[in-house]
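Hello,

Here is the structure I promised to pass on. Have a look at it first, and then read on for what turned up.

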Amino acid sequence: MIVALMFGLFTALLAFGVPIAFAMGLSAVAVLVIDGGVPLLVLPQRFFSSLDSFPLLAIPLYIFAGNLMNYGGITSAIVGFSRSLVGHIRGGLGQVNIMTSVLFSGISGSASADVAAVGGMMIPAMKKEGYKPEWAVVITAASAILGPIIPPSLLMVIYGAMTGLSIGTLFLAGIVPGLFLAMIMMALVYWKADEIGAPRHLRASLGETGKVFLKAAPAMVMPVIIVGGIQSGLFTPTEAGIVAVAYGLGFGLLSHRLNVKNTYRFALQSVVTSASILIILGSAALFSWIIAREGVPATLATWLSSITSEPAIVLLLIVLVLILVGMFIETISALILMVPILTPIAQMFGFDMIHFSVVVIIALLLGSLTPPVALIVLLGCKIAEVDYMKTMRPLVPFFMVLVIGLLCIMYLPFLTLGLPGLLGAFD
């Protein structure tokens, strides 16, 4: 009864436009006041203890490092390098767009940042070359979901902080699935090249490729330093964030693009973004504690067991729910909301938690790509100045291939677990 009332209040507050962090927090407080069985002193304790986590310090650090690297002119260098590698393949700038997202994901760790940075450069260039604007938007938005999958990933930092899973192992587990999804999207662009309106390009010479590689190399070194340092034991994920910030500052100063004024501005932006994430985390902790206190995960697990005892079917049902949730709730908020509910269920059915975490993240990202909300598509539409409804038709084939890709990742666990196992992450 309490949980039903809490979800009812939560839904009503969202309908009235209350931000999700305050909707979760207020609905949790309201039901505890109505119930009267829990001292209200518990609320600030739960809120604070959920944020008293060393790994969470990595969030503002990774955001700040990404801002510093992007301003240092690295996005244009990555686009140039991607063009020299894949620009001659059928699909031209569409292929470049996806490859750029793969490389840029090592800096941003965020789908929205990917759309803003990569889309800001690629969408106007694609339109200029004759690409249909709606296709340019969809390619940019679809490839942007690679940002939170290929490390470093803010979603994986949050997931690891909430569950105690190794963030370094989560980073490794996301590499192959991210590259796999990129390959199937590139295959789709190759097949749809004529419909997209993609012109052909000449292959870049070895000398040209070498020049642009040198410009883009600083960006590609950063994720190697982060993941390699974590796995080698040189530093923790949080300490890796400090290394990333130092690297970003060094790059910006050497490129003569950073000064005291804009460094302060980026620091302030990073603090504001991080604060919004942490407020959501704290409010979700209250929300999730009530859900756990009322035994909802155990009830859901029992209900799922009554439907089927087959873990593969349970995993499919969970993914369908996650895509549905991701359609209406922003990805970070949805992750924070769903992980405490799903983790006990996953443990009960014997899922590998590293594999399960990657599946959860990809499913929520697919939801964020799906109407009616589709925030990253809306952001791309704003950049391209194209009607949102025109993107619906080209979005369908991309969504379908990404669903097929997710199914492969779900039922072929070696795609997520192979690389961590090879590098001894489970030892």
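**What turned up**

Ser153 counts as buried, at 1% relative accessibility (buried means under 20% relative accessible area, exposed over 50%, partly exposed in between, with a 1.4 Å probe and protein chains only). Ser153 sits in the loop between α7 (133-144) and α8 (154-163); helices here are DSSP runs of H or I with at least four residues, numbered from the N terminus.

Before the rest, a word on the basis. This is a predicted model, in which local features need pLDDT of at least 70 and side-chain atom pairs count only at pLDDT 80 or more, while totals for chains, interfaces and linings use all residues. Residues are numbered from 1 along each chain as its sequence is written, and side-chain values use heavy atoms, with hydrogens and water left out.

Now the salt bridges (a side-chain nitrogen of Lys or Arg within 4 Å of a carboxyl oxygen of Asp or Glu). The structure has 3 of them. Asp194 pairs with Arg90, with closest N and O atoms 3.5 Å apart. Asp194 lies in helix α10 (residues 193-196) and Arg90 in the loop between α4 and α5, so this pair ties together parts 104 residues apart in sequence. Asp194 is exposed, at 61% relative accessibility.

A network of salt bridges links Lys192, Glu195 and Arg393. Glu195 meets Lys192 at 3.2 Å, N to O, and Arg393 also forms a salt bridge with Glu195, the closest N and O atoms being 3.2 Å apart. Lys192 is buried at 17% relative accessibility, whereas Arg393 is exposed at 60%.

Helix α19 also packs against α15, at an angle of about 145 degrees and with the axes 11 Å apart (axes are lines fitted to C-alpha atoms, for helices over the stretch in contact, and angles run from 0 to 180 degrees between N-to-C directions). Among the residues that meet there are Leu316 and Val319 in α15 and Phe399 and Tyr411 in α19, where contact means heavy atoms within 4.5 Å. Tyr411 is partly exposed, with a relative accessible area of 36%.

Finally, have a look at His88, in the loop between α4 (58-86) and α5 (92-108). His88 is buried, at 19% relative accessible area, and its contacts include Arg83 and His201.

Best wishes

Key: Helix = DSSP H or I, 4+ residues; strand = E, 2+ residues; numbered from the N terminus. Lists of a residue's contacts leave out its neighbours within four places in sequence.
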